[in-house]
Amino acid sequence: MPIRNRFAELHPEIAAWRRDFHAHPELLYDTERTSGIVAEKLHGFGCDAVVEGLGRTGVVGVIHGKGGAGGKVIALRADMDALPILEATGAAHASKTRGLMHACGHDGHTAMLLGAAQYLAETRNFEGSVAVVFQPAEEGGAGAEAMVQDGLIEQFGISEIYGMHNSPVVPLGEFAIRSGPFYAACDSFTIKIRGRGGHAARPNQTVDTTLAGSAVVMALQSIVSRNADPQQPLVVSVTSFRTESDAYNVIPEHAELRGTLRSFDEELRQTALNRITDIARLTAESYGAEAEVIGDEIPYPSMSNHADETAHCVAAASAVAGGTRVNPEAPRVTGGEDFAYMLQACPGAYIQLGVKTEGGKNHGLHHPEYDFNDEVIPLGCSYWVTLAEQRLAG
């Protein structure tokens, strides 16, 4: 079944919703405007239930099939939050809030799921029920975990849950997915180094935190090369090095490093976290300094697709785009995705929808010039409804 004709008709309207969301970005859990619009539209579509405030500002709409309430329930999830980035697209619908922008396409995800919800409420060509889940705080706030903790799965009796993300590295109109670990576990760390400050002309009277910190940065790179199985992907990146002094002639008393760890295997993840602490502490000590390692308050686990549900996604995507335009063995992604929490609580899978155009700029996610490609809206909406109808076929 290809793209639904109804979405060709709805395309301008859904694109207008998307651009409105883009112009009014909201961070983390502060999605009151977006959540309010979503809830209003779900009521207007005739959803059988609309629940607000799940996971603080999340929204869930329930659509019963032709047999009414009862039977199997599947969930379709979209994220709503934006990023603290100064937009540089120059688009007419650019962010009206300086310093915030939809640089990851969550505006498109929300609009496409709304379009699918409208269609499903109109047609109800399925048995059981569909729960459309609109989640806040994917970008670092673990909104998926908050919704799960608020009883998302139990309250709605969800037996399968599915997610989708646009990808500027996958060709326009194609899909990519893989079974098992797909997105990396994400841990951040801060290393605080304390030494003895003093005049740079008399380094022998100091404990140089810049030198100790530099050694720590270099030593941390041994984790990937010497502690990880070469067959297991692992990333250790130090992304910030700060001291309390900007003077050219002062050795600072304190230095601070920040970085991130990306992994797919839980045992390797724990090994790497332990090695970061040991290496930082012992390397700093070898230079006469002290190091304290502070871990992430909200670490994201690796997002791992369930095998059966991955196959269901492949079937739905193939029905819409054609089998040759679906990659079932997509490369792993070292970015994080908090849909991992939902997949830990319920069987499901997560798929990528390509938005890369030939000859286009194709800015990456989280880039200040990134903008969601509205051309893909009918395909994304068609995928959602096809997946729902296939999984809830009578």
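Predicted model: local features only at pLDDT ≥ 70, side-chain atom pairs only at ≥ 80, totals over all residues.
A contact here means heavy atoms within 4.5 Å. Residues are numbered from 1 along each chain as its sequence is written, and side-chain values use heavy atoms, with hydrogens and water left out.

Leu42 belongs to the largest nonpolar core, which has 89 residues; Leu42, Phe134, Leu152, Ile161, Phe175 and Tyr383 are the ones that touch the most other members. A nonpolar core is a set of buried Ala, Val, Leu, Ile, Met, Phe, Trp, Tyr and Cys residues joined through side-chain atoms within 4.5 Å. Buried means under 20% relative accessible area, exposed means over 50%, and partly exposed is in between (1.4 Å probe, protein chains only). Helix H3 (residues 106-123) gives this core its largest share, 9 residues. Another core lies apart from it, with 22 residues, including Val207, Ala255, Ile276 and Ile279. In soluble globular proteins, nonpolar side chains tend to be buried together.

Now step back to the whole chain. You'll find 11 helices and 16 strands in it; helices (H or I, at least four residues) and strands (E, at least two) are DSSP runs, numbered from the N terminus. Buried residues make up 53% of the 394 residues. Of the contacts with a separation of 6 or more, 81% are between residues 24 or more positions apart. The C-alpha atoms fill a box of roughly 80 × 45 × 40 Å along the principal axes.

Next, the bigger pieces. Two strands count as paired if DSSP finds at least two bridges between them. Strands of a sheet pair through backbone hydrogen bonds, either parallel or antiparallel.

E1 and E2 pair in the antiparallel sense over 5 bridges, and Val51 has Val60 in E2 as its bridge partner. These two strands form a hairpin with 3 residues between them, and Gly55 in the turn has a positive phi of about 65°. Arg56 sits in the loop between E1 and E2, and its phi is near 75°, a positive value in a residue other than glycine. Is Arg56 buried or exposed? Arg56 is exposed, with a relative accessible area of 57%.

Strand E2 (residues 58-64) is mostly covered, with 6 of its 7 residues buried. On to E4: 6 bridges join E2 to E4, and the two run antiparallel. Gly61 stands opposite Val132 in E4. With strand E3 (residues 73-79), strand E4 (residues 129-135) pairs in the parallel sense over 7 bridges, and Ala78 stands opposite Phe134 in E4.

Ala142 is in the loop between E4 and helix H4 (143-149), and its phi is near 55°, a positive value in a residue other than glycine. Ala142 is buried, with a relative accessible area of 3%.

Finally, look at another sheet. Here 4 strands form an open sheet in the order E10-E12-E8-E13, with antiparallel pairing. The edges are strand E10 (234-243) and strand E13 (290-295), each with a single partner strand, so one side of each is left without a neighbour in the sheet. The twist averages 20° from one strand to the next. E10 and strand E12 (residues 254-263) pair over 9 bridges in the antiparallel sense, and Gly259 in E12 is the bridge partner of Val238. Helix H6 (residues 209-220) packs on this sheet, touching strand E8 (185-194), E10 and E12, and its direction makes about 170° with that of E10.

How values were computed: Axes fitted to C-alpha atoms, helices over the stretch in contact; angles between N-to-C directions.
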